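Dear colleague,

I am passing on the model we spoke about, and I would be glad if you could look through it with the notes below beside you.

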Amino acid sequence: MQCETVKVVHQDEVQGGYRLLWLDAPGIAPHVRPGQFVHVLVPHMEEALLRRPFSVYKADGPVLQILYKGVGKGTRTMTYLRPGDQLSLIGPLGNGYPGLSTGRYPILVAGGYGMAALYLLARALPVQGVAFFGGQSASDILCVDEFEALGWEVRISTEDGTRGERGIITGVIDAWWTARDADAEPVEAYACGPNGMLHAVARRAMERDWRAWVSVDRNMGCGVGACLTCVLKVRSEEGGWAWKRSCKEGPVFECREICWEMEEAG
Amino acid sequence: MKTPVMVASGTFGYGPEYAELVDLNKLGAIVVKGIALHPTKGNETPRTVEVASGLINAIGLPNPGVDGFVEQYMPFLRQYDVPVIVNIWGKTVEEYVEVARRFDHVDGVHALEVNVSCPNIKEGSALFGTDLDMFRRVVDGVRGATQLTVIPKLAPNVSDIKVFARAAEDAGADGISLINSVPAMAVDVKTRKPRLANVTGGLTGPGIHSVAVRLVWEAAGVVNIPVVGIGGITKAEDALEFLMVGASAVAVGTASFTHPATALEVTDGIAEYLDRHGLSSVGELVGTVLL
């Protein structure tokens, strides 16, 4: 982990408001593991105090890429960044995804820019399985060519039916699961996306004996474990629950660790 | 202290969280997050909300308790050449006294900051900061229970800060620190719900700095013990303001979340100011505001 002043190399719109930001971050980029994030101090936004966390999409040599959408005041301000602009980055942060367990078959499940957060993992895993990408509309389906180029089979759904099957992605996952040989290898799932999607994956994982790693999305403050903003309830060894920091012990948790019933209530 | 610039309680964890990013040996002191007698889980989420020029928090003082803190964090902190100030709190006067007593002989603990003013604890702690009689009882009790330096941290939401500052001195406090966060609330107008699970919280950050300067000025004017200025410091000028109105040390709070090295940059900035004005020590600045 370090705090580095980095330089914007390039920025452009990919599609539908999703943007790709290339940063020259020689101190941080080479150390990023799949599923980790960086904490960005958005320049020219004095009324906002805190940094904004972003998953790393790609890290190649000294350059890392962030895929984001201008939806809040931080991300909208980021859309104005130009090549040569400087910004402060803390990273890499968080635990990231673990590797594939021996004998398991990997699937990826992502919604929206969660797809970008899974790219480094897709590149690192020794086996390529199926990637399930869901979104509201065709413009929310990202990076498909990239995953296919790595050897992954990509299955898509959109709620408006403009790409892939109409509906939510769990329907596509369920159809795939039903058609699958009963004696095929057990599944190891890696998911990133909205919390409702993560919970849906978790329910299936628990019913079907999958191992499932979910990357949770929580409001975050410091990013390094000090402010205790981003906590969530996980099961403790004594049978109760304890807060864990999604920035430090997470953002990736095995789905059985999370007290989903308390999350829903909260 | 090597520098009058410390890091404030609740904004720097217990030290390890920032050790990779900040040279802890260069801090004036580390004031660790509030410690109670027993482990506490803290509030439900959402616990913080960013507002214009500030952050409202209602973390609820989660902590591992005295024994947990001493076991988990003191071995780490003892490796550094930096004073450790433990922020302590309790739900009763007796709990404050017991926590102070237990820290009295813990190797590596240099002082106790008495948190009488966290607005996020129910069952009475906020009252300790705003009810003069309760405040006196806590400070008096803690004073009697420890040989360590005792620094009550004052609440900003009192009608006359001078009364509390004097009461602290009279009860034997070695110094006072102020201000704690300012009670605050934010509402999500789409859902009409409070933006914090705890409904209300405490505002910190640049938005409270000028409020804090005025309160430090008033408090420092009526006591002879050292005053620690806290509230919305993001740069050296903010710290210089506190010194000029009478603080002899300062603590950087919320800014560490955004710029972990703020305290070090403030230290450098103060040194440059002293150089530029031909001053040899921070002491020459304290209380020098021209009225």
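This is a predicted model: local features need pLDDT of at least 70, side-chain atom pairs count only at pLDDT 80 or more; totals for chains, interfaces and linings use all residues.

In total the structure holds 2 cavities of 30 Å³ or more, and the largest cavity has a volume of about 420 Å³. Its lining is made up of 30 residues, of which B:Ser9, B:Gly10, B:Asn57, B:Asn180 and B:Thr204 lie nearest the centre. Two elements of chain B, strand S2 (30-35) and strand S4 (54-57), are those that give two or more residues to the lining of the largest cavity. When the residues of that lining are divided by class, 11 are nonpolar, 17 are polar and 2 are charged.

Among the open spaces, I would draw your attention to the second largest pocket, for which the computed volume is about 590 Å³. It is lined by 23 residues, and those closest to its centre are A:Trp243, B:Pro62, B:Asn63, B:Pro64 and B:Tyr73. The elements that give two or more residues to the lining of this pocket are strand S15 (241-245) of chain A and helix H1 (65-72) of chain B, and S15(A) gives the most, with 4 residues. The lining of the second largest pocket divides into 10 nonpolar, 6 polar and 7 charged residues.

Turning to the packing, the largest nonpolar core has 107 residues, of which B:Leu27, B:Phe69, B:Val86, B:Phe103, B:Ile176 and B:Leu178 touch the most other members. Apart from this core lies another, of 30 residues, which includes A:Leu121, A:Cys192, A:Trp213 and A:Val252. Which residues does B:Ile176 have in contact with it, leaving aside its neighbours within four places in sequence? With those neighbours set aside, the contacts of B:Ile176 are B:Ile151, B:Pro152, B:Leu154, B:Ala165, B:Ala168, B:Ala219, B:Val223, B:Ile225, B:Pro226, B:Val227 and B:Val228.

As for the charged pairs, side chains of opposite charge can pair when their charged atoms come close. The count comes to 20 salt bridges over all chains, and three of them are described here.

In chain A, the side chains of A:Arg123 and A:Asp60 meet in a salt bridge with an N to O distance of 3.1 Å. This pair links distant parts of the chain, since A:Arg123 is in helix H3 (residues 119-124) of chain A and A:Asp60 in strand S5 (residues 58-60) of chain A, 63 residues apart. A:Arg123, at 35% relative accessibility, counts as partly exposed, and A:Asp60 likewise counts as partly exposed, at 39%.

A salt bridge is also formed by the side chains of A:Asp174 and A:Arg208, at 2.8 Å from N to O. A:Asp174 lies in helix H5 (residues 169-179) of chain A and A:Arg208 in helix H6 (residues 195-208) of chain A, so this pair ties together parts that are 34 residues apart in sequence. A:Asp174 has 21% relative accessibility and counts as partly exposed, whereas A:Arg208 is buried, with a relative accessible area of 18%; the cut-off for buried is under 20%.

In chain B, B:Glu98 forms a salt bridge with B:Arg101, and the closest N and O atoms are 2.7 Å apart. Because B:Glu98 and B:Arg101 are 3 residues apart in helix H3 (residues 93-103) of chain B, about one helical turn separates them. B:Arg101 counts as partly exposed, at 47% relative accessibility. Salt bridges that share partners join B:Asp67, B:Glu98, B:Arg101 and B:Arg102 into one network.

Finally, B:Ala239 lies in helix H8 (residues 236-244) of chain B and, at 0% relative accessibility, counts as buried. Leaving aside neighbours within four places in sequence, B:Ala239 is in contact with B:Ile233, B:Val250, B:Val266 and B:Ile270. One of these, B:Val250, is 11 residues from B:Ala239 in sequence and 6.4 Å from it in space, C-alpha to C-alpha.

With best regards

Terms used
Residues are numbered from 1 along each chain as its sequence is written. Chains are lettered from A and ligands numbered from 1 in the order in which they are written. Side-chain values use heavy atoms; hydrogens and water are left out. A nonpolar core is a set of buried Ala, Val, Leu, Ile, Met, Phe, Trp, Tyr and Cys residues joined through side-chain atoms within 4.5 Å. Buried means under 20% relative accessible area, exposed over 50%, partly exposed in between (1.4 Å probe, protein chains only). Contact means heavy atoms within 4.5 Å. On a 1 Å grid over the protein atoms alone, a cavity is a set of points where a 1.4 Å probe fits but cannot get out, and a pocket is an open set with protein on both sides within 12 Å along at least five of seven lines; lining residues have an atom within 4 Å of a point. Grid points are joined across faces, edges and corners, and a volume is the space filled by probe spheres set on the points. Ala, Val, Leu, Ile, Met, Phe, Trp, Tyr, Cys and Pro count as nonpolar, Asp, Glu, Lys and Arg as charged, and the others, Gly among them, as polar. A salt bridge is a side-chain nitrogen of Lys or Arg within 4 Å of a carboxyl oxygen of Asp or Glu.
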